[in-house]
Amino acid sequence: TSLSPSQFLRRQQVLQLYRKILRAVREVPAEADRRYLKDWAREEFRRNKDATEEDAIRMMITQGNKQLQELQRTLKLAKS
């Protein structure tokens with residue numbers, strides 16, 4: 001199935017967010033925490049992969065970005 005231009009862009013945003021989250025998770029010092037966060041992220045994205053409602057997808061991207069920022073903030077605090 002071909003995607004509309006807006007669906008294509010939204011998909012790119014989702015993939016970009018997923019990659020950023022996994023990159024941030026790599027910075028987590030504790031192996032157990034790293035594994036937990038990676039599994040959590042993978043499961044969240046997998047659970048929502050069939051979402052088609054534009055507003056819902058936009059909201060999930062926003063929520064994911066907030067969680068990413070929170071993780072990055074926590075990591076920065078842990079390093080200081």
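## Gly 64, a buried glycine

Gly 64 counts as buried because its relative accessibility is 7%; buried here means under 20% relative accessible area, exposed means over 50%, and partly exposed is in between, using a 1.4 Å probe on protein chains only. This glycine sits in helix α3. Helices are DSSP runs of H or I with at least four residues, strands are E runs of at least two, and both are numbered from the N terminus.

What does Gly 64 touch, not counting residues up to four places away in sequence? Leu 17 and Ile 21, where contact means heavy atoms within 4.5 Å. Further along the chain, Lys 79 is 15 residues from Gly 64, with 23 Å between the two C-alpha atoms. Glu 44 is 20 residues from Gly 64 in sequence, and there the C-alpha to C-alpha distance is 9.6 Å. Glu 44 belongs to helix α2 and counts as partly exposed because its relative accessibility is 27%.

## What kind of model this is

This is a predicted model, so local features need pLDDT of at least 70 and side-chain atom pairs count only at pLDDT 80 or more, while totals for chains, interfaces and linings use all residues. Residues are numbered from 1 along each chain as its sequence is written, and side-chain values use heavy atoms, with hydrogens and water left out.

As for pLDDT, the predictor's confidence in each residue from 0 to 100, the protein chain averages 95, and 100% of the residues score at least 70. By helix, confidence is lowest in α3, with a mean of 95, and highest in α2, at 97.

## Overall layout

Of the 80 residues, 16% count as buried. Among contacts with a separation of 6 or more, 72% are between residues 24 or more positions apart.

UniProt, in an unreviewed entry, places "domain: Complex 1 LYR protein" at residues 12-70; its positions are given in the numbering used here, feature names are shortened, and annotations may be inferred rather than shown by experiment. In the model, that span is 81% helix and 0% strand, and its end C-alpha atoms lie 22 Å apart.

## Helix α1

α1 has 21 residues and reaches 30 Å from its first C-alpha to its last, close to the 30 Å expected at 1.5 Å a residue. That expected span is 1.5 Å times one less than the number of residues.

Which residues of α1 are buried? Arg 10, Leu 17, Ile 21, Ala 24 and Val 25. They sit on the same side of α1, because they cover an arc of only 100° around the axis; the arc is taken over the directions from the helix axis to the C-beta atoms. Pro 5 and Leu 9 are exposed on the face of α1 turned away from its buried side. The cover over the buried residues of α1 includes α2 and α3.

## Helix α3

## The nonpolar core

A nonpolar core is a set of buried Ala, Val, Leu, Ile, Met, Phe, Trp, Tyr and Cys residues joined through side-chain atoms within 4.5 Å. The largest one here has 9 residues: Leu 17, Ile 21, Ala 24, Val 25, Val 28, Ala 41, Leu 68, Leu 71 and Leu 75. α1 (5-25) and α3 (54-79) each supply at least two residues of this core, and α1 gives the most, with 4.

Ala 41 is one of the core residues. Leaving aside neighbours within four places in sequence, Ala 41 is in contact with Tyr 18 and Ile 21.
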